[in-house]
Amino acid sequence: MNRPTPDETADHPLLAAVDAAETAVEHLIKLVDDGAHTDLGAFGLVEVLRHVERVRNKLPVVDGALIEFGSEQGASGILSERSMVGVLVSGLRVSAGEALRRVRAAEHLAERRSPLGETLLPIREEIARARRDGLVAPEQVALIDGALRKVGHCAPADVAAGEALLTEQATRLGFKDLQTVVTKVVEAIDPDGILPTDEAEHEHRRFLHLKQRTDGSWAGDFRFTPAVGAKLAALLGPLMHPRTSTDRPDDAEGAPGRRRVLDDERTIGQRRHDAFAEILDACLRSGERPETQSGTPATLILTFTWAEFTEANGIGTYADGTPCSARTARDLVGEAEIAFCVTGARRQPLDLYRAKRIASTAQTLALIARDGGCSFPGCQVAPQFCERHHVISWWDGGDTNIHNLTLLCSYHHRHFAQRGWQCVITTQGLPVWVPPRWIDPEQRPILHHRIMISTWDVQDPLTFDSPDRLEPPEEPDPPD
């Protein structure tokens, strides 16, 4: 590897280009400092942020090319480092984890050279192309590349097809939804070996450290397996709601005063601590299970198709979307605190119609399995913090059944109608949202990505039912 002198490096065209880019960024910062962004509306603000993100996503292309070239030329040996990870850690002062992520991305996304000097395409050609166009973020790249590495032993055509599908979805989905799709694609490529290996790794890494301090308090750290973490989160969630308390200050004559509501000033960490204390108290008393304010029991929800569950084959999900193998689900079936919401099972009385306005526990579990949280487009509020909403108001004759109910967080429950949104249940029984005309003049129905992904089914390897095959809602009857 040739080592240019400092003077030669100073005149290098790459540094000149970087200087020009830095000047452009300084100009951008100056515009923001001068308030150039203050006349942007909500949509204009998002559009500018998207442009900035696209530029940010393109920069790793330069990183990758430089890192891959350094690896090929042995730069780490010249600089007395074991690998390019050490070069980045010492030269750029980034963490070892970040340096490893960049090096791993360069291995598969940067162009390579053969021993004869020929240019070779990147191993992950589809992701590399999307990254060059600024369409995927570094964390999306790491997620997809890391998942495909696990199935590198499978048929190259299947891996390539999976890469193409995931790259396309990465340009459309948020990170959490993309994680769900990645799990499904990896399972489709290699249905026999991926998740059990991960579960074995989780079992190997699990721990819980506790130590009593000299002042009497306790401190520690932990790493839970997905199953244990999901159980704990299911128990903590219902008990972490903000508390309100009341008092009745007496007046000057000693008569009871007016009731006041005192807001909960605890931090999130303090709420979690107090929720855990309540769980321990309940266990010591009688094993009672807490319930949410909306009536949902503190139950771990596992969702599977009936065939997956009975055959112990495939992947289901916990209520928060975390994947779970059918084998693990069958191992948990004997636990009283676990509820299995198996799609297709009809043994629970889910339809109460006009008998009750409040949805039953069985109905709420079915809504959690279907909606997975707030069904408003883009909202990521977990199901334990959601309320049950009648699409057609109960007061207007709407039935209390799952075909007239959906989960909504308290914010969207209060404000969606004021913003002009409407919710409709499709003929498939899915909640879709019709935006107001000022957002979409055609008012095309929108299905939450979380629900869209959960309805996909792998028919053939890497082939999903198109989520666009959504039947439109039935036209309502004209008013009398």
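Two strands are taken as paired if DSSP finds at least two bridges between them. Helices (H or I, at least four residues) and strands (E, at least two) are DSSP runs numbered from the N terminus. The model is predicted, with local features requiring pLDDT of at least 70 and side-chain atom pairs pLDDT 80 or more, whereas totals for chains, interfaces and linings use all residues. Residues are numbered from 1 along each chain as its sequence is written, and side-chain values use heavy atoms, without hydrogens or water.

Strands S13, S14 and S15 form an open antiparallel sheet in the order S13-S14-S15. Its edge strands, S13 (422-425) and S15 (446-447), each pair on one side only. S13 is joined to S14 (residues 431-434) by 4 bridges in the antiparallel sense, and Gln-422 stands opposite Val-434 of S14.

The protein chain contains 18 helices and 17 strands. Of its 480 residues, 35% are buried (under 20% relative accessible area; exposed is over 50%, partly exposed in between; 1.4 Å probe, protein chains only). Among contacts (heavy atoms within 4.5 Å) with a separation of 6 or more, 55% join residues 24 or more positions apart.

A nonpolar surface patch consists of Leu-28, Leu-31, Val-32, Leu-40, Leu-45, Val-48, Leu-49 and Val-52, with about 610 Å² of accessible area together. Helices H2 (13-33) and H3 (42-73) each give two or more residues to the patch, and H3 gives the most, with 4 residues. Leu-40 lies in the loop between H2 and H3; Leu-40 counts as partly exposed because its relative accessibility is 33%. Nonpolar side chains (Val, Leu, Ile, Met, Phe, Trp, Tyr) are joined within 5 Å, and like charges within 9 Å. Accessible areas come from the Shrake-Rupley method with a 1.4 Å probe; for residues, only the protein chains shown count as cover.

How values were computed
Patch = residues over 30% accessible without salt bridge, like charges linked within 9 Å, V, L, I, M, F, W, Y side chains within 5 Å. Salt bridge = Lys/Arg side-chain N within 4 Å of Asp/Glu carboxyl O.
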